[in-house]
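Subject: Handing over the structure

Hello,

Here is the structure I promised to pass on to you. Please have a look at it first, and then read on for what turned up in it.

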Amino acid sequence: MSTARDVIFQRIAKAKGASTPEAAHIAYATIERNYQSAPSLDRAPIIHLLEDRLREYDAHVYRVTESNVGEQVKQILAARNIQRVLVPDGLPESWLQGAIFEIDNQQSALGLNDYTAVLTTATLAIAETGTIVLQNAPGQGRRAITLIPDYHLCILRTTQVVETVVEAMRLLEPTKHLPTTFFSGPSATADIEMTRIKGVHGPRFVDVILVTDEIL
Amino acid sequence: MNVALFITCYNDTLFPSTGKAVVQVLERLGHTVTFPAGQTCCGQMHWNTGYQIEALPLLPRFVAQFEHAEAVVVPSSSCVAMMRDHYPMMAERIAAEGEDKTLPERVAKLLPRIWEFSEFLTKKLGITDVGAYYPHRVTYHASCHGLRGLGLGDGPLSLLKSVRGLELVEISNLEQCCGFGGTFAIKNAEVSSAMLAEKTQAVLNTGAEQCTACDNSCLMHIEGALHRQRTGVGTKHIAEILAHTEADAAAEANNPVEVTV
Amino acid sequence: MSRVPLDPRTAPSFQTAAKVLLGDAQLRKNVRHATDVIQNKRRRLVEEKHDWQQMRESGRQIRAHALQHLDIYLAEFERNFTAAGGHIHWARDAAEAQRIVIDLVKQTGTSEVIKIKSMTTEEIQLNNALEAAGVHAFETDLAELIIQLGEDQPSHIVVPALHKNRSQVREIFRKKMNLPNLGETPQDLAEAARQFLREKFLRVPVAISGANFLIAETGGVCIVESEGNGRMCLTLPETLISVVGIEKVLPSWQDLEPLIQLLPRSATGERMNPYNSLWTGVHPGDGPTNMHIVLLDNGRTDVLADHEGRQTLQCIRCGACQNACPVYRQTGGHAYGSVYAGPIGAILTPQLMHMEHSQSLPYASSLCGACYEVCPVKINIPEVLIHLRNKVVEQNGWYAPESLAMKAVAQAFLSEKRFRAAQRLGRIAESPLVKKRKQNKLQVLGQEEAQTPGWIGWLPGLLGGWTDTRDLQAMPKETFRDWWEKRNEKGSNRT
């Protein structure tokens with residue numbers, strides 16, 4: 001008896017003729033990709049654009065130099081009255097000020113639910129869409145830690161900011177096998193009368209610290 | 001220019017005044033109009049309703065009637081869209097069936113010379129002022145085939161704006177279908193009527209006396225409801241507005257408008 | 001709680017269902033409001049992308065290419081996803097997919113699963129099958145939760161509960177979540193959903209999803225969502241089972257460049273949806289350790305076999321055609337008798353059903369072209385509708401009454417003589433129906449031009465649909481060609 005797999009492949013071949021990897025490869029190269037793939041803005045306006053987009057999503061955005069990151073973290077956490085923060089492995093010690101920082105030890109989801117805040121860095125950010133890209137990498141950790149706590153403080157260098165989605169996808173190419181999460185603002189829904197409501201299941205509050213170590 | 005008029009089957013039968021207006025405008029602009037007598041239908045109704053086999057023979061017939069024309073003018077955007085969207089493929093199909101191998105090439109040569117009436121004026125002749133006078137408040141309905149099929153854009157509006165005395169008022173849901181859709185209006189009469197209700201409401205909101213368009217099919221639909229509701233608002237094909245002159249207005253002033261019961 | 005799913009095999013015809021829904025004022029108001037909001041947001045965000053048309057064209061080419069070489073890319077995806085620690089299952093039809101999922105769930109020993117919104121699982125009626133097998137599925141998308149708790153049906157592929165307003169949602173939640181004092185702002189309702197589901201996310205060990213894209217090159221999966229319920233389901237449970245149509249595969253990572261931009265702008269009118277999740281198989285220490293993908297045919301290979309219909313499979317399920325469709329906007333989604341409503345449903349459902357059911361769907365369109373205009377991958381929906389109408393006509397046979405009439409008219413169009421005879425015949429046939437105009441006595445006699453024809457207020461049989469709400473102008477006495485002939489006989493160039 002032929003398997004479901006065999007049957008489906010036979011049906012596909014019958015439907016359109018069987019293809020070969022070579023034929024697919026040759027045809028693939030002819031696909032037109034004439035959309036914008038390079039930035040259209042200078043660096044300074046790109047960073048401004050990201051800030052605007054993040055603020056549209058109700059994130060607070062702070063711009064500091066490298067040496068002031070720790071102080072900024074301290075101030076933000078104090079203002080939000082947060083004493084205990086979950087962090088992944090791999091963050092600079094100097095950033096972790098003003099609270100108790102507990103490194104993720106692969107606790108269960110239930111364990112993660114005890115944390116109200118998480119602090120991470122990110123792989124890159126996309127100005128045009130206000131998107132921050134997280135991957136399973138040092139400083140960012142596994143996906144669950146930026147999901148369950150209600151508050152996410154994300155620290156990002158301005159050199160990690162690109163203007164367009166296409167640039168971002170190309171920068172991510174070498175790490176495309178990693179678990180990757182694009183987030184654009186806090187979790188949201190518009191399922192009730194198309195009214196955008198922030199904060200359903202993911203973090204409801206997101207703040208971003210932009211570290212300016214490039215000359216803008 | 002020598003212009004062959006393709007009146008279309010429904011304008012021929014139901015809206016001869018539109019054809020007369022087209023002739024009037026073109027002749028006023030100094031062009032010679034001919035009417036190939038063997039013309040009937042472009043095949044749209046059959047093709048769009050699923051009767052492809054019935055529509056196919058109408059193509060070689062159309063081509064034979066019009067292929068020697070310098071320009072073909074059609075006062076119906078849906079018929080022109082039918083030709084542009086489907087004739088090349090229909091011709092290929094007829095050729096593939098071995099019936100007429102020359103048809104695809106003949107269709108390819110003919111299509112660039114086929115113009116929707118307003119498009120012929122604005123794009124081919126490059127004029128917007130055709131010397132018309134029509135002292136009424138008018139709103140323009142963009143038919144789907146004119147808007148999306150032919151990409152008429154602001155062409156018809158620029159023609160109307162150049163009509164002396166005409167007050168153009170914009171409709172709110174310009175891009176929305178009136179619900180005609182050929183046999184759709186009968187097969188899905190209830191939904192079609194609901195769509196039409198939105199459209200006629202928008203027409204009435206403009207306070208216009210007349211609703212115009214490049215397609216009598218939409219206008220027949222819109223007028224059907226406007227008349228049923230006794231709104232006192234009428235419809236008129238754009239050619240009939242563009243054909244209208246000061247002399248017509250003077251004649252009308254001497255002959256009171258007939259009363260409808 | 002089980003509900004009767006939308007099933008094209010048992011659904012009434014579009015016309016019949018639409019008639020009922022048109023009478024539901026609340027539903028029509030809700031649908032119009034929601035589609036207006038999304039359409040306006042979409043329009044703004046599409047206009048700000050100057051390369052939108054280039055992206056659309058790339059999107060179209062990528063999707064068409066993937067279908068043209070579907071066998072190659074499915075095999076590549078299977079290889080890479082398996083190498084990354086996942087398991088692939090193949091399902092020829094809905095029943096087989098249901099069996100596979102039920103077996104996988106049973107193997108884990110759980111009787112509860114959490115679900116991400118998935119039209120594919122709605123298509124195969126998975127929830128009812130699970131329930132029958134003793135497994136309860138919790139829908140976690142807010143809209144799907146509303147549908148599930150309200151024992152309702154999805155009416156839109158992106159916003160399945162858009163036919164419900166806040167008061168209706170509040171009533172459902174009050175009753176089913178036992179929250180007598182629940183407020184009615186959307187915030188209150190979203191908060192209720194957050195509380196209701198949080199415990200389930202943390203506890204239930206199996207999640208079921210669909211997928212937006214599969215990536216052959218990496219064995220990757222992409223799911224886009226807004227609420228974070230997707231991320232919860234994708235990362236917290238031990239087992240993840242994704243049911244995915246075979247057409248969802250993309251060749252490479254770079255193909256996401258346009259598609260991941262086209263989708264959110266078209267679907268919800270956002271520059272980017274709040275969350276995109278991408279992963280490749282099992283990642284130790286991050287997410288489910290037991291990962292399964294059920295690749296579903298269920299009629300898709302039949303669509304693929306139809307040269308004209310094939311482009312239907314390019315669809316990326318953004319719902320833009322539904323929001324733009326003036327027919328959908330009147331009736332909402334339930335009239336289409338399938339989880340795939342609106343223009344895409346009108347072409348997808350009949351094809352998935354081998355054209356045996358849903359014969360009314362290809363006619364549920366005025367062919368206005370709004371769907372094609374907004375489609376992010378340029379599916380020429382009107383063209384496919386016309387193609388399917390042709391199939392319906394063929395299936396109904398040559399002796400159906402409509403067919404005979406259409407043939408007769410076509411015959412008339414083949415000769416000028418016959419056409420003129422038909423025009424005369426039409427005038428005679430309609431004459432008893434025409435309410436004659438009384439001529440104004442003041443009218444100048446001999447002015448033939450002024451004799452506008454009368455009106456028809458009633459038509460018999462099928463044509464009566466027209467005159468239920470519309471009058472019809474009677475045929476004028478003189479056709480254009482008669483006038484033209486007379487004018488030329490006079491040898492004058494007067495008009």
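How much area do domain 1 of chain B and domain 2 of chain B bury between them? The value is about 1,900 Å², with 63% of it on carbon and sulfur atoms. Please keep in mind as you read that this is a predicted model.

Let me stay with chain B for a moment. Its domain assignment gives domain 1 as residues 2-124 and domain 2 as residues 137-253. Taken over C-alpha atoms, the centres of these two domains of chain B are 23 Å apart. Domain 1 of chain B brings 27 residues to the contact, and domain 2 of chain B brings 25. On the domain 1 side, Phe15(B), Ser77(B) and Ser118(B) stand out: they supply 20% of the area that this domain buries against domain 2 of chain B, more than any other three residues. As for salt bridges across this interface between the domains of chain B, the rule finds 0.

Chain A has a domain assignment too, with domain 1 covering 1-31 and domain 2 covering 39-211. Here the C-alpha centres of the two domains of chain A lie 42 Å apart.

Next, the interface between chains B and C. The size of an interface is often given as the accessible area lost when the parts come together. For chain B and chain C, about 6,500 Å² is buried between them, and 58% of that is on carbon and sulfur atoms. The contact involves 71 residues of chain B and 75 residues of chain C. Between these chains the count is 9 salt bridges. One salt bridge to look up joins the side chains of Arg148(B) and Glu373(C), at 3.7 Å from N to O.

Searching the whole structure turns up 12 cavities of 30 Å³ or more. The largest cavity holds about 710 Å³ of space. Its lining is made up of 37 residues, and those nearest its centre are Lys117(C), Val158(C), Asn212(C), Val224(C) and Glu225(C). The elements giving two or more residues to this lining are β10 (188-189) of chain A and, from chain C, α6 (119-123), β6 (220-225) and α12 (256-267). Sorted by class, the lining of the largest cavity has 17 nonpolar, 11 charged and 9 polar residues.

Enjoy exploring it!

Best wishes

Conventions:
Residues numbered from 1 in each chain as written. Chains lettered and ligands numbered in written order. Predicted model: local features only at pLDDT ≥ 70, side-chain atom pairs only at ≥ 80, totals over all residues. Heavy atoms only, no water. 1 Å grid on protein atoms, 1.4 Å probe; cavity = no way out; pocket = protein on both sides within 12 Å on 5 of 7 lines; lining within 4 Å. Points joined across faces, edges and corners; volume = space filled by probe spheres on them. Helix = DSSP H or I, 4+ residues; strand = E, 2+ residues; numbered from the N terminus. Nonpolar A, V, L, I, M, F, W, Y, C, P; charged D, E, K, R; others polar. Domains from an automatic or database assignment. Contact = heavy atoms within 4.5 Å. Buried area = accessible area lost by both parts, 1.4 Å probe. Salt bridge = Lys/Arg side-chain N within 4 Å of Asp/Glu carboxyl O.
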